[in-house]
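Let's take a walk through a protein model together. Keep the sequence and the 3D view at hand as you read.

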Amino acid sequence: MRFGILSTADIGTGSVIPGIDKSDHEVGAIASRDGARAQTVADRFDIPAAYEGYEALLDDEDLDAVYVPLPNGLHAEWIRRAADAGLHVLCEKPLTASAAETAAVFDYCKERGVTLMEGFMYRFHPVTERAVEVVSSELGEVRNVTSTFTFRMPDEAEDIRLDPALDGGSIMDVGCYAVSAARLFLGDPDRVYGVTNDRRDCGVDTEMAGILEYADGATARVQSGFETPLTQYYRVETTDGWLTAEPTFDISPDTAVELTYGVDDRQVTERFDPTDHYTLEVEHFADCVERGETPRVDRTESVAIMEVIDAIYESASEGGPVALD
Ligand SMILES: NC(=O)c1ccc[n+]([C@@H]2O[C@H](COP(=O)([O-])OP(=O)(O)OC[C@H]3O[C@@H](n4cnc5c(N)ncnc54)[C@H](OP(=O)(O)O)[C@@H]3O)[C@@H](O)[C@H]2O)c1
C-alpha cells in the first residue's frame, strides 16, 4: 500500500513514517501547508513526492491511502476529502471530537467504498492483545479498571493540545487511551461521572478524572492530564486477582514491556521484546483493506469511546452523572 502523509506532524516524522518504512508498505508522498517543509521531510525519508497543500496530495494518482496526523479539529474535514478522492484513511486518534461526528465520518467513508481506521496503535502491541487474553481466560470477573495517561506539558508550551479551536484538551489527547483501555476490559458503561479542570485558563481541560459505572456495579476510573509527570498504565482488578502493564499506551519501538498478573497465590510476569506497534498498526490496516475486512479498531469501538468522552464532558459541565443509552 502506498501512503500519502497529510502534514509534517511530529507523530508522523517521529513514529509513523519510520513505522511504515519498516512495514511491507511505503510512503509515496507528503504534503504540508509549507511546500519547503514537505520537501525537507521528503528528503529526510526518501519520499518520492512532496506537495504544498493537502489537496494537492489527494490528486496524486499513485496513492492508495492517506495517513492523517493533523490537529484533532481538522481530522473530519480531511477524512472526508480523502474519501472523496477514493483514498483509504488511517487517521490519528481521536478521529473527531464527538460520537455523532465519528459515526458520520465512518458512514461517509463507507458510502465511498473506502476503509477508515482510528490510529490507536497500542491496540496492535502484543502486550495489549495478551492482557485482554489473560483477563478473559485466566482471571475471574472484572470489578475495577484504573486507567491513566498523563504527562507534564511545559508551562509556556504553544501546542495544538491547548487550542480549543483545534479540539485540544487532555481527554482528547490522552484521556481517549484511558477510556479505550477501560472499554477493552469492561465494555460499555451505563453511567459516567467526570471532572475536568482548565488549570492553564486556555479553554480546554488540562486535567480530567472520570468514573465509569457498569450495570453490575463494576467501575472504571479514568484519568488524563498535562500537569503531572508521565504516567501511563492500567490495572485490572478481578474477583481472584489483578493485572497490570507498564508502559501501556505510548510504547517506544525500542522499549521492552512487562505484563504482570496475580491470580490466587500465583504471580506471573511476562516480558515482551521491543516491538514497533506503528508498523503493526499499518500492516493490520493494509491487510484489512486488501482483504475487505473490518479493522480491529472499528466503527463500533471508535464511536463507543467517543460516547464516553462526550458523557465525561457533559457530566463535568452539568456537575452530575450522565446515563448512556
Ligand atoms: N498515536 C500516537 O502515538 C500519537 C502521538 C501523538 C499525537 N497523536 C495525534 O496525532 C495528531 C497530531 O499530533 P502531533 O503532536 O504530531 O501534532 P503536531 O506536531 O503539532 O503536528 C500537527 C501538524 O498539523 C499541521 N497543521 C495544519 N493546520 C495546523 C494548525 N492550524 N496548527 C498547527 N498545525 C497545523 C502542521 O503540519 P504542516 O505545517 O506540515 O502542514 C503540523 O505539523 C493529533 O491528532 C494527536 O492526537 C497521536
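In which helix does T13 lie? T13 is part of helix 1, which covers residues 10-21. Before going on, note that this is a predicted model, in which local features need pLDDT of at least 70 and side-chain atom pairs count only at pLDDT 80 or more, while totals for chains, interfaces and linings use all residues. Residues are numbered from 1 along each chain as its sequence is written, and side-chain values use heavy atoms, with hydrogens and water left out. Helices (H or I, at least four residues) and strands (E, at least two) are DSSP runs, numbered from the N terminus.

Stay with T13 for a moment. Is T13 buried or exposed? T13 counts as buried because its relative accessibility is 11%; buried means under 20% relative accessible area, exposed means over 50%, and partly exposed is in between, using a 1.4 Å probe and protein chains only. Leaving out residues up to four places away in sequence, T13 touches T8, P18, V41, R44 and F45, where contact means heavy atoms within 4.5 Å. The T13 side chain also reaches the backbone oxygen of D10, at 3.3 Å.

Now zoom out to the whole chain. It is divided into domain 1 (2-119) and domain 2 (122-323), with bounds that come from an automatic or database domain assignment. The C-alpha centres of these two domains are 24 Å apart. Where they meet, 33 residues of domain 1 are in contact with 28 residues of domain 2.

How can we describe such a meeting place? The size of an interface is often given as the accessible area lost when the parts come together. Domain 1 and domain 2 bury about 2700 Å² between them, with 68% of it on carbon and sulfur atoms; buried area is the accessible area (1.4 Å probe) that two parts lose on being put together, summed over both.

Charged partners also meet here. Between domain 1 and domain 2 the count is three salt bridges, a salt bridge being a side-chain nitrogen of Lys or Arg within 4 Å of a carboxyl oxygen of Asp or Glu. D107 and R299 form a salt bridge, their closest N and O atoms being 3.1 Å apart. On the side of domain 1 that touches domain 2, helix 1, helix 4 (72-84), strand 5 (88-92), helix 5 (99-111) and strand 6 (116-119) each supply at least two residues.

Another salt bridge joins E101 and R80, with the closest N and O atoms 3.2 Å apart. What does this pair tie together? E101 lies in helix 5 and R80 in helix 4, so the pair links parts that are 21 residues apart in sequence.

For a last stop, turn to helix 8 (residues 277-291), where R291 and D287 lie four residues apart. These two form a salt bridge with their closest N and O atoms 4.0 Å apart. R291 is exposed, with a relative accessible area of 56%, whereas D287 counts as partly exposed at 27%. Elsewhere, salt bridges that share partners join R130, E133, E138, R266 and E270 into one network.

How values were computed:
Polar contact = N/O pair within 3.5 Å; in protein donor to acceptor, adjacent residues only side chain to side chain.
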